[in-house]
Each structure stands twice: as C-alpha cells, then as structure tokens.
Amino acid sequence: MVEIRGLKTHFATHDGVVKAVDGVDLDIYANRTLCILGESGCGKSIMARSVLRIVDAPGKIVDGSIVYRPDDRRPVDLAALRPGSRQLRQIRGQDIAMIFQEPMSSLGPITKIGKQIVETILLHRNVTKTEAKEQAIELLDKVGIPRPAERYEAYPFELSGGMRQRAMIAMALSCRPKLLIADEPTTALDVTTQAQILDLIAELKEELNMAVLLITHDLGVVAEVGEDVAVMYMGKIVEKADVFSIFERPQHPYTQALMESVPKLGMERRQRLPAIRGMVPHPLARPTGCAFRTRCDRFMPGTCDRSEPEMMTRDQSQVACFLHSREVADV
Amino acid sequence: MSETILSVDGLNMHFPIGGGFFGKPVDVVRAVDNVSFSVRRRETFGIVGESGSGKTTLGRCLMRVLTPSSGRMMLNRRNRPETNLADCGKAELRDVWKDMRMVFQDPQASLNPRLRVLDIVGQSLQKTEGLRGRELADRVSGLLRKVGLRPEFLMRYPNAFSGGQRQRLGIARALATNPELIIADEAVSALDVSIQAQILNLMQDLQDQYDLTYIFIAHDLAVVEHICDRIAVMYLGQIVELADRQELFSRPKHPYTRALLDAVPVPDPRRRRRKVQQVKAPVGAVTGTGCRFASRCPQAGDICRNTPPPVRQVNGANVLCHFAGQI
C-alpha cells in the first residue's frame with residue numbers, strides 16, 4: 001500500500017549534514033503491522049514523520065519516494081507533494097493518521113476532547129455536527145473510555161495518561177485511516193494499560209483492514225503485535241524480515257546483540273547481560289563503511305570499514321552485513 | 001540469614017486534600033499506607049508497581065525528602081547506633097545521607113547543567129571531608145574510573161555526555177561517600193536497551209565490590225526479575241505481595257501480581273499473550289473499606305468489597321489478599 005524507496009531525510013545544521021534517514025526501502029501492506037525497531041537516535045521517528053511530511057525544519061527529504069496507493073484513486077508520491085498542499089492535507093488524517101508517544105503534545109490543552117474529535121470528523125467527512133458528535137462518542141466508547149458521553153466534555157488534563165492515549169487513538173481513527181502510524185504509542189504507559197492499547201490497535205486493524213506502522217524500541221511489543229519487522233541503526237535499515245525470522249534467526253550482529261541485551265522474564269538471575277559495547281556514534285561522526293562496525297563483535301578489518309554493505313537476502317531475511325556476502329562466506 | 005540494614009514498620013504517608021471550609025482538609029490521599037518490610041544487607045530489594053502506586057513516594061520517605069505521617073524506619077549502619085529515619089533531625093540526616101544515597105531516573109534533570117563533573121561528583125566530598133584541589137580531583141577521577149568513565153571528563157559539563165554516561169555520573173556521585181545503601185528510583189528506565197544492560201551490569205559489579213545494598217524501584221518487571229533478590233509489589237499505596245524473586249515470578253499469589261505479569265509482552269512471537277481482560281480502571285478515590293484491588297479483581301467476592309484483607313503468609317511470601325493461597 002505504501003512503498004518507500006531510497007528515502008533520505010537530512011538535517012542541514014551549522015556543524016554539518018545529519019543524515020537522520022539515509023536510504024530506506026520499505027513496503028507497508030494493508031492489514032499488516034510493520035514494526036520499526038531501534039534505539040533512540042536511529043532515525044525511526046524521523047522516518048515515520050517523513051511519510052506524513054511533518055519533519056521539522058531544517059529537516060528535509062532530499063531524495064527518494066514514498067508512493068501511496070489508495071484503492072480508489074491514483075497512486076501519489078508523498079515525497080514529491082508540496083508541504084501544505086491541499087492533496088497532502090487531505091491524505092493526512094483521512095488516509096494516514098498518526099499517534100504519538102506523548103498524547104499531551106498532540107491534543108490541544110484548552111479544547112474539550114470531544115470537540116477536537118468532532119473537528120477532525122467535520123474536516124474530512126461530509127456529515128452534520130450532530131452526526132459528528134454521535135460518531136465521536138461512539139469512537140470514545142470503542143477505544144474503551146468508560147462513560148464516553150461524559151468524557152466527551154472533558155479537557156485533556158482531566159484524563160489519565162492511558163485515557164489520553166485512548167482519546168488520541170479515537171481521534172486518529174475518526175476518519176477510518178488506511179494506514180495508522182504509531183510512534184512509541186505505549187512507551188509512557190504502565191504494562192497493564194499498554195496491553196490494553198496494543199490489543200485495541202490490533203482489533204481495530206482487523207476491523208478496518210488497516211495497515212499499521214509501529215515504531216518501538218521494546219522487543220516485547222514487537223513480538224506481541226508485529227508481523228513484519230525492520231531494524232534500524234543510524235538511519236539505515238540493517239535487517240528486514242517477518243517477526244518469526246527476526247526472533248528465531250536474527251542475521252545482523254546488531255539485531256542479535258539487541259536481542260541478547262534485554263533481560264527476559266524467567267531468565268536466570270545475575271547472569272551478566274551481554275551488553276552492546278560503547279554507544280551510538282554521534283550522527284556527524286558516522287563511521288566509514290558499515291555504521292555498526294565500531295560496536296560489532298564480528299568486525300572484519302579491510303571489509304567492514306571499506307564500503308557500506310548492500311541489502312542481501314538470506315533465508316527469509318534481508319540483511320545488510322558483509323558476513324552474509326558471498327565473498328566473505330567463501331573464505 | 002544476613003543482618004537487616006533497614007526495617008520499615010507501619011509507614012504512612014498521607015497527603016491532605018484541601019478545599020474544605022477555611023482550607024480544612026476534606027480527605028487524605030494515602031500515598032503510602034501502612035507499609036512494612038525489611039531489607040537485608042547486601043541484597044537488592046525491588047519495589048514494583050504501576051504509576052501512582054506510591055513506589056516513588058515510598059523511596060522519598062526513606063530518603064527523608066518527605067517526612068512520613070507515621071511509622072518507623074530503622075536504619076542499621078555499620079559501627080553506628082540504630083537510627084530511626086522517621087524522626088531524624090537535620091544534622092543527623094546529613095550524616096545519614098552519607099551512608100544512604102539515591103540514583104534518580106532522569107539523568108538529564110538530576111545533574112546540574114552549570115556544574116562541572118568535578119563539582120557534581122565531588123560536592124559531597126567537599127562538604128563532608130573538606131577535600132579541595134588536587135586531592136579532590138584524584139578522588140573524583142578514581143570514582144569516574146569505577147563507573148567506567150575516563151578521568152579526562154573531570155572538567156566537562158553534563159551536556160557533553162550521553163544518557164548512559166550521565167547515569168554513570170549519577171552513580172559515581174552516589175558512590176562518592178562510600179554508602180552502604182543506595183536507593184535507585186527507575187535508574188535504568190530512561191535508557192536504551194543496550195545502555196540499560198551496561199548500567200545493570202555496572203550496578204551488579206559495584207554491589208559485589210563494595211558490599212552495597214540496593215533498593216531498586218522500577219516498573220519494568222523483567223529488569224526487576226533480573227537484578228532483585230526480593231520484591232515488593234505495590235498497589236495504591238500498599239504492598240500487596242512481598243516475596244523472593246523466584247517465588248514471586250514463578251508462583252505469583254496476589255491477583256494483581258498475576259495481572260501485572262500477564263500484561264508484560266514476552267519477546268517471543270510464538271508465545272503471544274492471550275488477550276488481557278478489560279480491567280476497569282479504578283473509579284475515583286478509593287473508599288476506606290475493603291480491598292483496594294477489589295474493583296479490578298476478577299476473583300473478588302463480597303468479603304473483598306467490605307473487609308480489608310489481612311496479610312497472609314504463603315510459602316514464605318506475604319500476600320495482602322483474602323484468598324491468598326487458595327487461588
């Protein structure tokens with residue numbers, strides 16, 4: 001449904017160009033959940049924001065295409081649309097909706113939540129005000145907010161974190177989007193609330209035949225709801241596969257290290273966690289060749305630092321690592 | 001069994017809700033409600049719970065940032081008489097704070113951006129031991145090395161560091177006075193997984209090297225299981241279950257503990273969690289009678305709604321539930 005090819009979003013700063021997203025290829029399918037996994041600063045949020053064209057200045061899409069294929073209209077390249085153009089605003093909210101990590105930042109603080117949802121509905125759909133209100137209350141009920149008619153009149157600050165997150169999901173879903181982008185939707189929530197929100201997204205996905213692009217750093221969440229997974233490191237996708245292959249046969253050393261470094265329930269106590277050494281390099285001091293080589297246990301001098309690894313197919317996965325290239329495998 | 005370093009008995013922290021006639025309090029929020037536990041020397045004692053469960057307030061009472069409404073907190077230090085933290089004077093507290101230190105969640109907010117590393121980490125040494133100049137610099141460099149930072153960082157400001165490095169600075173600051181007990185409030189929650197693993201490993205190494213006792217406050221159950229020896233589960237101000245790590249995680253006895261464990265997503269796509277039942281969020285303030293979890297509890301009976309549950313002992317675990325051991 002959405003085809004991202006060679007997407008590059010760069011930030012021109014005084015100190016140099018930060019390549020936040022640097023050549024990303026991704027396919028998003030209807031009724032599937034694609035998880036983008038990565039540590040903070042790897043570019044996953046910027047990538048998602050690029051799809052909706054809401055990257056803040058000085059960030060700019062410098063190359064690549066984001067082709068959106070609606071069922072009923074001709075495909076459009078979102079990357080080529082003028083920001084603020086009518087077509088783009090039409091797609092935003094109606095076809096593609098986004099929910100953010102911090103609901104307070106995307107809900108207006110001085111407008112009742114009911115009104116905020118109604119505004120969105122009125123903007124994109126051809127209904128009367130009364131109908132819009134009915135729909136809004138129905139949505140609030142659907143996302144599991146108790147006493148929706150009362151909460152319709154509530155201001156965002158009157159709701160708890162979990163309820164706010166639900167209100168935002170209700171708003172995002174108000175126009176029955178084809179694609180829902182969720183940027184760390186449950187990171188700020190308690191586990192019990194998180195479980196409910198994840199169930200809710202999964203349920204609505206089925207019901208609306210929606211595609212979901214879920215951005216997270218939590219491996220548990222990925223295993224729970226993901227169908228396809230892409231692992232990002234320093235602006236590039238280093239591995240792409242279905243969720244089973246990623247967890248059972250991770251191919252990239254970075255994916256493997258990530259998997260090993262999280263404590264899991266039921267693990268022996270006091271085992272030392274195999275941590276990834278060092279930290280993510282400064283975005284302006286990107287290592288030559290493979291960006292992960294400075295932290296990689298299987299760094300091969302003369303290969304990994306010479307050139308960047310291409311994406312190659314290995315079993316069910318696509319991986320960008322020289323360990324899997326034919327020349328190295330033969331040696 | 002090893003000796004007890006801290007024993008808390010009947011601790012209450014109530015906050016009045018104002019707004020009555022002439023600002024008279026109309027009600028109280030029982031943020032910490034009749035909490036008792038003891039911490040053994042050299043163990044890691046975990047406190048888990050959702051936001052609003054009172055775990056941070058409990059930590060702040062222990063540090064005496066807050067003065068509890070009632071209860072006793074006996075701190076048993078090496079070569080010192082026992083101290084009741086609940087009624088320490090200012091001077092005594094200053095002495096206590098040498099042996100009991102805190103590591104905070106947000107390393108960004110807990111380090112003064114206008115101070116250099118030398119001053120941040122060395123402040124307590126300047127104050128307590130009067131160290132200055134070369135001597136101070138040497139001690140601080142030593143501390144930096146202990147937490148895996150380079151001594152060259154001495155003259156830098158906190159903004160030059162990454163999140164993980166800042167958390168290391170926070171730990172170095174806590175270690176400066178050779179404490180016996182460290183209270184870590186969500187110390188790794190804000191960190192990326194790879195950095196989180198580094199900090200957890202560091203905390204374990206330091207514990208072994210310096211015989212430290214940790215009180216580890218967190219909401220991430222996998223992390224708590226990894227690092228803690230005994231764990232207290234808090235719900236709305238009360239400890240609903242207190243047990244050894246193995247007992248708690250393999251045989252949770254309180255329905256709330258079970259609900260928490262069920263909600264954790266497991267990083268294994270073949271073991272997807274069955275759907276959680278929609279538990280209703282607690283409505284409004286909790287009324288005085290009955291079990292606080294009753295409104296969300298799938299097993300609640302009439303007794304739960306009317307009579308406060310007693311603490312029951314089951315297999316060495318303390319469980320605050322009428323039906324402990326039966327369900």
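This is a predicted model: local features need pLDDT of at least 70, side-chain atom pairs count only at pLDDT 80 or more; totals for chains, interfaces and linings use all residues.
1. As for burial, 49% of the 331 residues in chain A come out as buried.

2. On overall shape, chain A contains 12 helices and 12 strands. Its radius of gyration is 21 Å, close to the 20 Å from the globule rule for 331 residues, so chain A is as compact as a globular protein of that length.

3. Now have a look at helix H4 of chain A, residues 113-124. From first C-alpha to last, the 12 residues of H4(A) reach 17 Å, close to the 16 Å expected at 1.5 Å a residue.

4. Which residues of H4(A) are buried? They are Ile113(A), Gly114(A), Ile117(A), Val118(A), Thr120(A) and Ile121(A). These residues sit on the same side of H4(A), because the arc they cover around the axis is only 160 degrees. The cover over the buried residues of H4(A) includes helix H2 (86-94), H5, helix H6 (148-151) and helix H7 (161-173), each from chain A.

5. You'll find Leu139(A) in helix H5 of chain A, which runs over residues 129-142. Why does Leu139(A) count as buried? Because it has 23 C-beta neighbours inside 10 Å, and the cut-off for buried is 20 or more.

6. Who does Leu139(A) touch? Setting aside neighbours within four places in sequence, Leu139(A) is in contact with Ile117(A), Ala170(A), Leu173(A) and Ser174(A). Ile117(A) in that list is one of the buried residues of H4(A), and H5 is part of what covers them. As for Val127(A), 12 residues away along the chain, its C-alpha atom is separated from that of Leu139(A) by 15 Å.

7. Last, the interface. In contact across it are 37 residues of chain B and 35 residues of chain A. On the chain B side, the elements giving two or more residues are helix H6 (193-210), helix H7 (221-227), helix H8 (245-250) and helix H9 (255-263) of chain B. H6(B) supplies the largest share, eight residues. By residue class, the side of chain B that touches chain A divides into 18 nonpolar, 10 polar and nine charged.

Definitions and conventions
Residues are numbered from 1 along each chain as its sequence is written. Chains are lettered from A and ligands numbered from 1 in the order in which they are written. Helices (H or I, at least four residues) and strands (E, at least two) are DSSP runs, numbered from the N terminus. A residue is buried if 20 or more other C-beta atoms lie within 10 Å of its own, exposed if 12 or fewer, and partly exposed in between; C-beta atoms are placed from the backbone. Two residues are in contact if their C-beta atoms, placed from the backbone, lie within 7 Å. Ala, Val, Leu, Ile, Met, Phe, Trp, Tyr, Cys and Pro count as nonpolar, Asp, Glu, Lys and Arg as charged, and the others, Gly among them, as polar. The expected span of a helix is 1.5 Å times one less than its number of residues. The arc is that of the directions from the helix axis to the C-beta atoms. The radius of gyration is taken over C-alpha atoms; the globule rule is 2.2 Å times the number of residues to the power 0.38.
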